[in-house]
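The following report describes selected features of the structure shown below.

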Protein chains: 2
Amino acid sequence: MSAPLSPDQLEAALRAIGAERYHNLHPFHRALHDGHLTKAQVQAWALNRYYYQARIPAKDATLLARLPTAELRREWRRRIEDHDGTEPGTGGIARWLHLTDGLGLDRGYVESLEGLLPGTRFAVDAYVHFVGERTITEAIASSLTELFSPQIISERVSGMLRNYDFITEETLAYFTPRLTQAPRDSDFALNWVREHARTTEEQTAVLNALKFKCGVLWSMLDALDYAYVAPGHIPPGAFRPVS
Amino acid sequence: MSAPLSPDQLEAALRAIGAERYHNLHPFHRALHDGHLTKAQVQAWALNRYYYQARIPAKDATLLARLPTAELRREWRRRIEDHDGTEPGTGGIARWLHLTDGLGLDRGYVESLEGLLPGTRFAVDAYVHFVGERTITEAIASSLTELFSPQIISERVSGMLRNYDFITEETLAYFTPRLTQAPRDSDFALNWVREHARTTEEQTAVLNALKFKCGVLWSMLDALDYAYVAPGHIPPGAFRPVS
C-alpha cells in the first residue's frame, strides 16, 4: 500500500482519468460535433440521452436521501431543481425535450422510453444504483465528470450549430445553463473529495468511482455508435428512424 | 384493455418474444459459432461472459431471499448449487473458468473483472437489480430465456468445436450439464408464470420481463461486437488482446 496522495495529487489523478476516459474522446461524440451524422442518428442520440437527463433527479434524490446534514442536502437539492425546474416547462429535462421536439421526435414516444437502447437503460440505471450503494464520498466523486463537461458542451454546441441545418440555438437551449451549473456543482464535489478521501483506500475508491462514471457515459455512446452508425445493428424493439 | 390470454396463449407470446429477441439472432453469436472470430475475440467473449456466470448466484440469491415458502426456496436454491457447486472446483462458474483457462486467459485477471467491458457490467447488474425490485412473478419470468438456451448451446458447441482448433470438448464442459439443467429450470418457471400471470396487467409485466432479459443478453453481445469485431472500439481500460 503506497502513501496517500496529497489533495492536489488526488485532483491531478482525477483529471488524468478524464483526459483518458471522458466521452469527448469517443468516436460517436466526434462524429456528432463534426457534422458526420444524419438527422436520424442525431435523433437516436437525443432520444437515448433523454433517459439520462430524466433519471438524473432520481440519481440525485437517491443520494440526497443519504446525506446527513441540511447543509449538504441543500447543496444537493439544487441539482434536482436544476433538472426538474421550479414550474412546468422549466428545468433541464424540459429543455432537453425542446431538443427532441426540434429534431422532430414525438414527445410522447420520447417520454415513453419505448425506443430506448437496452445499453442506455442499463448504463443509466447503473449510475442510479451506484449512488445508492457506495459510500457518500464515492457517490459524490461519481459526479466529477462535470469537471470536464464545459469543454464538451462548447465543442458540441458550436459543432452542431455549424454542421447541421436542422439544429438551432433554440433547440440547444439545454446546454447554456449547464455552462454555469456544472462548474458550480463540480467545485463543490471536487472540494468534498479532496477533503474526505484521505486514505489510500478512500482515494482508490474515488478514482474508481470516476472511472465507473466515465464508463457510464462512454458505454452510452458505444451503444449508439453500434446501433445507429454504419453498419448499424439496431436491437429488436429499439427506435428505428423513419427512412 | 384486452381480455387476458389463456395460459397457452401466454406461453405462445413468450416463445414469440424469444423468436424475435433471443441472442442466437445476434451477429456476434453467429460469427462465434460460424468460426469467424479470432482467438482474441473468443477470449473477449469468454472473459466478459464470465461476469454473467459469476453473478448468476447473486441474482438467484436475491430472488431466493424474497421467496415465501421452503418449497419455492428449495427449487430456487438448486440453481445456486448448479452454479456454485458442492465443493471447490465444481459448478458452472468453475467450469466456465476451465473455458477461460483453455483460451489462455490468466485466471486471476479473469476473476479480477478488471478488463470487463462497462456494457457487460451494467447489463448483468441490471439483471441482478431487476429480480430484487420487480414482483416475484416478473423475476421468475426473467429467467425464461432458458426456454431457448438448449438450442443456442447446441449451435454454439458444435459450431465452436468444428471451427476453432483452440477449442476442445473439455474446454466446453460448461455447457453439457446446462442441456439438462436449463429445461428443468425453465419448466418450473414456465409453469409458474402460466399459473400466476392471469390478469392482462400481470401478463404484460411478464412479457416485458422476458423482453428485458433478452435485452440483457443482446446488449452483452452488442458491447462485444462493438469493441472487438472490426472496426474495433475497445473502451479505455477494457481487456486488450495481446497481438
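Helix α1 of chain B comprises 15 residues (residues 7-21), which at 1.5 Å a residue should span 21 Å; the end C-alpha atoms are 21 Å apart, in agreement with this value. The expected span is 1.5 Å times one less than the number of residues, and helices are DSSP runs of H or I with at least four residues, numbered from the N terminus. This is a predicted model, in which local features need pLDDT of at least 70 and side-chain atom pairs count only at pLDDT 80 or more, while totals for chains, interfaces and linings use all residues. Residues are numbered from 1 along each chain as its sequence is written, and chains are lettered from A and ligands numbered from 1 in the order in which they are written.

The buried residues of α1(B) are L10(B), L14(B), I17(B), G18(B) and R21(B). They lie on the same side of α1(B), because they cover an arc of only 100° around the axis; the arc is that of the directions from the helix axis to the C-beta atoms. Exposed residues on the other side of α1(B) are D8(B), Q9(B), A12(B), A16(B), A19(B) and E20(B). A residue is buried with 20 or more other C-beta atoms within 10 Å of its own, exposed with 12 or fewer, and partly exposed in between, the C-beta atoms being placed from the backbone. The cover over the buried residues of α1(B) includes α10 (175-196) and α11 (200-228) of chain B.

The largest nonpolar core contains 119 residues, and L210(A), L224(A), L210(B) and L224(B) have the most contacts inside it. To this core α11(B) gives the most, 16 residues. Such a core is a set of buried Ala, Val, Leu, Ile, Met, Phe, Trp, Tyr and Cys residues joined through C-beta atoms within 7 Å.

| Residue | Phi | Loop |
|---|---|---|
| L113(A) | about 65° | between α6 (107-112) and α7 (118-133) of chain A |
| L113(B) | about 65° | between α6 (107-112) and α7 (118-133) of chain B |

L113(A) is partly exposed, with 14 other C-beta atoms within 10 Å.

Between the chains, 22 residues of chain B are in contact with 22 residues of chain A, contact requiring C-beta atoms, placed from the backbone, within 7 Å. On the side of chain B that touches chain A, α1, α7 and α11 of chain B each give two or more residues. The largest share of that side, eight residues, comes from α11(B).

Conventions
Two residues are in contact if their C-beta atoms, placed from the backbone, lie within 7 Å.
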